[in-house]
Structures are given as structure tokens and as C-alpha cells.
Amino acid sequence: MKAEDVQGGTRARMRTELLVSLGILAAVALLPAIVANEYWRGVFIVSMYFAMLAAAWNLLAGYTGQLSLAPAAFGMIGGYVTGLLSYHYNAPPMVGIPAAIVVSGLIGFVLGRIVLRLRGPYLALTTLSFAEIVRLIISNSIEITRGDLGLNVPGIFDHRLAYYYAMLAVLLAVQLGLYFLLRTPAGLYLRAIRDDEIAAASRGVKIVLWKTNAFTLSAAISGLAGALYGHFAQFVSPELGLISQTGIIISMVVIGGLGTLPGPIGAAFLVYIASEFLRGFGGYQLIVFALLVIIFSRFFREGLWGLLRRAFERARARPATAQAAE
Amino acid sequence: MPCLLIDRVSKSFGGIKALDRTSFTVDAGELVGLIGPNGSGKTTLINILSGYLAADAGRVDLDGRPTGGLRPETLAALGVQRTFQLTRSFPRMSTLDNLLVAGSALGLSQEAAETRALELLEDLALVRLMHLDAGHLSGGQLKLLEFGACFMVPPRIALLDEPFAAVHPTMKEIMAGFIRRRHAAGQTFILVSHDMPVIVELCPRTICMNAGAVIADENTRAVLTDPVVIEAYLGEAAA
Ligand SMILES: Nc1ncnc2c1ncn2[C@@H]1O[C@H](COP(=O)(O)OP(=O)(O)OP(=O)(O)O)[C@@H](O)[C@H]1O
Ligand SMILES: [Mg+2]
């Protein structure tokens with residue numbers, strides 16, 4: 001009886017979250033069968049780029065409580081690492097992509113160290129400054145990066161579908177990786193740090209180590225996403241690191257559900273596809289998402305995933321109470 | 001060699017001397033009561049012992065090893081476990097996970113941590129709340145949970161800061177019984193409390209602080225009848 005008791009709760013919840021994530025990714029895998037339009041397939045690929053960034057930011061903000069405003073900057077860094085390596089040294093993607101992961105991870109590690117003792121608005125502002133500095137460095141180092149003109153990046157595949165399934169495979173790997181990470185004690189430590197850093201330290205959680213790990217891993221995943229995006233779009237520019245991009249990533253995570261597995265990736269698709277539809281209306285898309293973020297953080301803190309989960313639970317509870325009443 | 005040696009530890013906040021050359025030792029297996037009027041420096045001392053504050057002067061040795069400069073997580077790993085006067089927990093994690101954090105961080109395997117957590121939940125009458133987020137627990141239940149977290153791995157020394165505040169008498173009895181049993185099994189404690197009957201019942205030895213200094217340190221009954229101690233408490237009442 002006891003073993004089952006322990007199995008319930010958090011672990012059961014995480015398993016459900018994993019299954020729903022896999023369901024979302026399965027649906028994404030089937031999407032090209034329905035949508036033959038190349039343009040829309042491209043939209044889905046970019047959605048997957050954002051889904052990776054959202055998952056990475058969720059690890060840092062949702063699970064570890066570190067509200068960094070630099071996720072887009074790490075995507076940009078990843079894109080530029082592989083882009084610059086190929087532009088200057090003809091390095092193939094096989095070299096560029098791993099390099100993007102490592103360099104982004106290292107920069108994430110350093111940023112994590114710098115902001116180690118900062119909380120709340122100070123953390124947000126420092127990471128924001130960091131993001132802007134990196135973007136300005138890239139856009140002003142014209143001899144190296146061609147500045148705002150952007151950089152052409154070689155493609156990897158001949159067909160869009162190949163990119164599509166490569167992105168999907170990586171997104172699946174990221175999602176599975178996060179699931180298995182969060183199931184280990186690391187998941188406990190990160191959430192403990194999020195909830196109360198002082199209490200976590202008093203229980204023996206190595207605060208410095210785990211915060212830095214979260215920053216490093218989140219940055220590495222973002223760098224990977226950016227590198228893949230660069231090869232798909234065959235172009236990177238400082239616009240990848242704009243704060244508005246970070247805004248989109250945050251809105252995806254908040255709308256989907258901070259600190260949940262399926263929420264951010266599901267919402268990445270919803271938000272990015274919606275933004276495609278809203279594109280015709282000019283700059284209103286960002287306002288819509290900003291409003292949604294406010295509404296969700298005020299009224300639905302667990303996001304769409306929280307709403308769904310509660311709806312499931314109510315549906316499951318209803319037959320049970322009906323039986324009990326009989 | 002004493003388990004804990006506190007040697008002329010001082011700490012000021014601005015003009016306030018919270019600790020003024022506080023000294024005492026605790027031997028392994030002792031259960032020492034720590035009392036004193038409000039603001040006498042008890043919590044400040046616990047904060048220094050557990051690494052949350054650095055002393056301005058003086059030294060603290062744990063098993064003969066100086067602990068100055070060590071981080072709270074390092075001290076926790078060395079076996080200094082504490083509770084907070086203002087209870088701390090992980091509100092968005094389940095009651096069970098709150099305990100598992102401590103178990104895993106101190107090196108228990110996942111299985112061992114679960115077994116241990118279930119025992120503690122059982123002992124502290126929290127079993128039926130184990131999947132509830134700690135943020136939904138009542139004030140007293142949180143006290144019990146934090147108390148339990150200290151004992152996921154038997155600590156070298158447990159520093160309990162007002163563990164009974166806001167706890168129902170029945171649960172208080174359960175906690176007192178828990179402490180008594182652990183003490184009998186050799187566990188070392190410092191127990192901060194304003195609850196004199198519990199101190200009398202549990203602690204063979206009591207230390208009384210006033211204005212950051214130790215004013216009495218002997219067997220509990222003697223301390224509680226010491227005119228200096230009575231004066232300290234009366235002084236507070238008069239002020
Ligand atoms: N972080 C701090 N900053 C400034 N002053 C502090 C700080 N912590 C404690 N003090 C002061 O130090 C003195 C001792 O406080 P402390 O909390 O140690 O007392 P205490 O014995 O635990 O009291 P109580 O029984 O009320 O819990 C008080 O005057 C308090 O105002
Ligand atoms: Mg106190």
C-alpha cells in the first residue's frame with residue numbers, strides 16, 4: 001500500500017505530463033500529412049524552435065524560479081556560433097551545432113555565476129542588460145558578424161520535411177531529457193530552490209551548483225535551438241535576440257503553464273500559429289500576447305495545462321461521486 | 001571534545017548587540033534548552049550556528065572543526081539541521097516532496113528517502129496530506145513538516161527554533177515524545193522555546209540568554225529559579 005502511495009502525487013502527475021507532451025509531439029509528427037503547404041510547414045518548424053526555447057526557459061523560470069530575460073539572446077548566440085564558424089572557417093553543421101551548444105552553455109554558466117545572488121527584479125534587469133549587450137556586440141562587430149545585415153548560414157537538408165522531422169526529433173529529445181532530469185533528485189532541488197532558497201540551503205541543497213546547472217543547461221538548449229533555426233532559415237541576424245522575442249517565449253510559457261512539461265511546448269505552437277494569423281493586423285500581436293500573459297498570471301497561474309488538468313480531474317471525480325451517491 | 005563549541009561569539013546589527021561574547025558548549029547526546037526574553041539573541045545564535053549569519057567575532061567549532069565561513073548547505077551536509085522560527089517550507093511542492101528534498105540532498109537513495117519520509121509522515125500524523133502542496137498546510141502542520149525534514153537523516157545536531165509555537169497540544173505532545181525518544185537514542189539538540197513546561201519536561205540542562213549574553217547555564221530547575229533569570233524576564237515584562 002505504501003509503495004503505491006508514494007507512486008501517486010508528483011510522480012503520477014509528471015508521468016501524465018510526459019504522456020501529454022508525447023501526444024502533442026505525435027500530433028506535430030502527423031501534421032505534415034494534413035498540411036501540405038510549404039509555408040505553413042515552415043511556420044511549424046519555427047514553432048518548434050520556439051518550443052525548445054520555451055522548454056529551456058521553463059526549466060530556468062518555471063522549475064528553478066530564476067526569471068531570466070535572456071532566453072532569446074541564447075538562441076541568437078547559438079545561431080551565430082554555428083553561423084560564424086561556417087562563415088569564417090567553413091565549419092560544417094556537424095561542428096557548428098555542438099559548438100553552439102557548448103558556447104551557449106558556457107556563457108549561460110558565466111551569467112548564472114554573475115546573477116547567483118540576485119533575485120526578482122534585480123535578476124530580471126541584469127539578465128536583460130546581458131541580453132542587450134550581447135545583441136549590441138553582435139550588431140556592432142560589423143567586420144566579424146556583418147552587423148545588422150545578418151549572416152548567411154548554410155542549409156543542412158534539401159527538403160523542408162527533413163528539417164521538420166529533425167527539429168521534431170530534437171524537441172522530443174529535449175522534452176524527454178527534461179522529464180528524466182526532473183524525475184531525479186535534481187528536479188526536487190530545482191523546485192526547492194524556486195520555492196524557498198533559504199529553506200533549500202538549510203536542507204542541504206547545493207544552491208550554487210544547482211542554480212548554475214539550471215542556467216547552463218537552459219542556455220545550452222537555447223543555443224541548440226538557435227543553431228538549428230539558423231541552419232533552417234539559412235540566415236541569422238541580431239533580431240533573433242530582440243527583447244520582443246523573449247516576450248514571445250515568456251508568453252508561451254506563461255500561457256501554457258509555468259513549471260509544467262506540456263504547457264510551454266503546446267502553447268509555443270498555439271502562440272506562434274496565432275501570431276501568424278495576427279500578422280496581418282500589424283503590431284497588435286504582441287499586445288494580445290502581453291494581455292494574455294497578464295490574464296494568465298493573474299487568474300490561471302498554471303496556464304492552459306492547469307486548466308486542462310483541472311477539467312480532467314473534475315470529469316474523473318464526477319462519475320465517482322455519482323457512484324458514491326447511489 | 002564537545003560536539004559544539006561556541007566561544008565568545010559576538011554579532012551586532014547597527015547599534016544593537018544581538019550577541020555579546022556568547023559562550024557555551026554542547027556535548028554529543030545532550031538536549032539543551034535555550035531560553036531568554038524576546039530579542040535576547042537566540043535566533044541570531046541559531047543563524048550563526050547554521051551558517052546564515054557570519055559572527056563579528058568569536059568562533060564556533062563542530063566536533064573540533066571551525067565552522068566559520070561555511071555555507072548553510074555545507075553545514076547541513078555536516079549534520080547541522082535547523083528549523084526556522086518563522087516556518088519555511090517549499091509551498092508548491094507536495095508534503096512528501098518537501099521531505100524527499102532533505103533526504104536526497106543529504107545523500108539518501110530515492111528508495112531510502114521515500115521509506116524514511118513515510119515513517120516520519122506517519123509519526124507526525126501527516127500521511128493523509130502527503131500529496132498536498134505544502135502551501136495548503138496549516139501553520140501547525142507546516143511546523144510539523146519542517147520539524148520532520150530535520151530528521152530525514154539523523155543530524156549531528158538539531159537546532160530547533162520554537163518548534164512548538166502554534167502547534168496544537170496533542171501534536172506538541174507528539175513532537176515532545178519524538179524529541180524524547182531521539183534524545184534517549186543519543187541525538188543532540190538545542191531547543192529554543194518560550195514554553196517553560198516543555199523545557200522543564202524535556203531538557204536536563206538549560207541556557208538562559210539576555211541581551212546577547214549567557215546569564216545562566218545549569219540544570220533546568222536551577223536555571224528557572226535563578227534570581228538573575230527571573231529578573232531578566234521580569235525586566236522584560238516591566239519594560
Ligand atoms: N537581521 C537583523 N537585522 C537587524 N537586527 C536584527 C536582525 N536579526 C536580529 N536582530 C536584532 O537582534 C536582536 C536579537 O534578535 P533575535 O531574533 O536573535 O532574538 P530572539 O532571542 O530569537 O527573540 P524571540 O524570542 O523574540 O524570537 C533583536 O534586537 C533583533 O531586533
Ligand atoms: Mg527568535
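The lining of the largest pocket in this predicted model comprises 11 nonpolar, 9 polar and 11 charged residues. Here Ala, Val, Leu, Ile, Met, Phe, Trp, Tyr, Cys and Pro count as nonpolar, Asp, Glu, Lys and Arg as charged, and the others, including Gly, as polar.

Four helices of chain A each supply at least two lining residues: helix 2 (9–34), helix 9 (185–195), helix 14 (284–299) and helix 15 (303–325). Helix 2 of chain A provides the largest share, 5 residues. Helices (H or I, at least four residues) and strands (E, at least two) are DSSP runs, numbered from the N terminus.

Ligand 1 has 13 residues around it (a heavy atom within 4 Å). The nearest are B:Asn38, B:Lys42, B:Thr43, B:Thr44 and B:Gln85. The shell divides into 4 nonpolar, 8 polar and 1 charged residue. Strand 2 (16–26) and helix 1 (42–49) of chain B each supply at least two of its residues. Helix 1 of chain B gives the most, with 3 residues.

Oxygen atoms of ligand 1 form polar contacts (pairs of N or O atoms within 3.5 Å) with chain B. A polar side-chain atom of B:Thr43 lies 2.7 Å from one such oxygen. Backbone N or O atoms also take part: that of B:Gly41 at 3.0 Å, and that of B:Ser40 at 3.2 Å. The protein covers 64% of the 640 Å² of accessible area (Shrake-Rupley method, 1.4 Å probe) that ligand 1 has on its own.

Chain A averages 91, and 95% of its residues score at least 70. Within chain A, helix 1 (residues 2–7) is lowest, at a mean of 56, and helix 11 (residues 207–233) is highest, at 97. Chain B has a mean of 93, with 98% of residues at 70 or more. The complex receives an ipTM of 0.92 and a pTM of 0.92.

Residues are numbered from 1 along each chain as its sequence is written, and chains are lettered from A and ligands numbered from 1 in the order in which they are written. Local features need pLDDT of at least 70, side-chain atom pairs count only at pLDDT 80 or more, and totals for chains, interfaces and linings use all residues, while side-chain values use heavy atoms, without hydrogens and water.

Terms used:
A polar contact is a pair of N or O atoms within 3.5 Å; within protein, one must be able to donate a hydrogen and the other to accept it, and residues adjacent in sequence count only if both atoms are side-chain atoms. pLDDT is the predictor's confidence in each residue, from 0 to 100.
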